Amino acid sequence: MQHRKRWAIAVGVAALAALAAACGGDGEDERTVPLESLLTPVETSAPAETPAGDDAPTPGTFPPTPETLDRQLDDDATMRQRREHLVSTYVASVVQTGRVLDAMRAVPRHAFVPTRYLDEAYNDHPLPIGYGQTISQPSLVAMMTDLLALEDGDRVLEIGTGSGYQAAILRELTPEVYTIEIIPELAGTARRIFDELGYADVHTLRADGYYGWEVFAPFDAIIVTAAPDHLPSPLVAQLKEEGGRMVIPIGPPGGYQSLWFVQRHGDDIDMSRVLDVMFVPFTREADE
Ligand code: SAH
């Protein structure tokens, strides 16, 4: 391990207070939080708990892929027709951006769900993908993607690969997609689907996404698809300094959370509440 000075991030008491105010149930929908209150800079060698350091695995070679895949990868006229109906009815009523709608039309959602749910793949609701996790509701995927305002060439990090569907949507919008999943089996299945469907250059990692993916930071955009009870400071630190955007549900596990749009302007972190959502809990490596 190379020893060099670097910034490690610790959440102090002041940060927690600021976040409680920013994300708590006080009904406040807009808030600017100074970056300082989120990040306590300390000089140290690489923190032991950071998964992606100088020894980070090579993207694409990890995690291991499963031998059998319970997915129907082929697209056909019926699936395309159902997808078109989903996009033109449910998705287009919440998102108007042409590029996002095109991405939703391009990605075969049915290929990301277990085959027993094939017939439900183009309904606008979440579906089980195993291990207690779900593929998100398509209209919500489109809305969160739209909020990121991705331009071709932007570097985007997703926390919570799950089925891989959201990452494939992101890959339709920009070539630089990085995604982290904590459950090895889901990470492996998604990796294989990416390879088979032509999304082989999506970078995948099996890790606790709380720490982000430091070697590839800064990110133009970060999307979190599981709900932590606070804003993870390492993710804020990995946002591009000027204009980096994050979309993240924050709130108690098992109930409704608030979806927040977070934007970094140098040392200021602007937060605005978008709507109530229900996501699976953001788990930590220690919980596994
Ligand atoms: N974006 C996914 C949604 C999957 S549900 C999709 O399109 O299908 C959220 C996922 O987040 C689950 O797979 C869960 O295992 C994962 N997750 C929860 N906590 C995590 C963490 N700390 N780091 C990485 N992934 C996490």
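Predicted model: local features only at pLDDT ≥ 70, side-chain atom pairs only at ≥ 80, totals over all residues.
Local features were taken at pLDDT of at least 70 and side-chain atom pairs only at pLDDT 80 or more, whereas totals for chains, interfaces and linings use all residues. Residues are numbered from 1 along each chain as its sequence is written.

The ligand is surrounded by 24 residues, a residue being counted if its C-beta atom, placed from the backbone, lies within 6 Å of the molecule; the closest are Gly160, Gly162, Ser163, Gln166 and Gly209. Two or more residues of this shell come from each of strand 5 (133-135), helix 6 (165-173) and strand 7 (176-181), where helices (H or I, at least four residues) and strands (E, at least two) are DSSP runs numbered from the N terminus. Strand 5 gives the largest share, three residues.

Strand 12 (residues 268-277) runs antiparallel to strand 2 (residues 30-34), to which five bridges join it, with pairing requiring at least two DSSP bridges. Valine 33 has isoleucine 269 of strand 12 as its bridge partner. Strand 12 also pairs with strand 11 (residues 257-265) in the antiparallel sense, over nine bridges, and these two strands form a hairpin with two residues between them, in whose turn glycine 266 has a positive phi of about 60 degrees.

Helix 4 (residues 98-106) packs on helix 6 at an angle of about 125 degrees, with the axes 9 Å apart, axes being lines fitted to C-alpha atoms over the stretch in contact and angles running from 0 to 180 degrees between N-to-C directions. In the contact (C-beta atoms, placed from the backbone, within 7 Å), Arg99, Ala103, Met104 and Ala106 of helix 4 meet Ile169, Glu172 and Leu173 of helix 6.

How values were computed
Contact = placed C-beta atoms within 7 Å.
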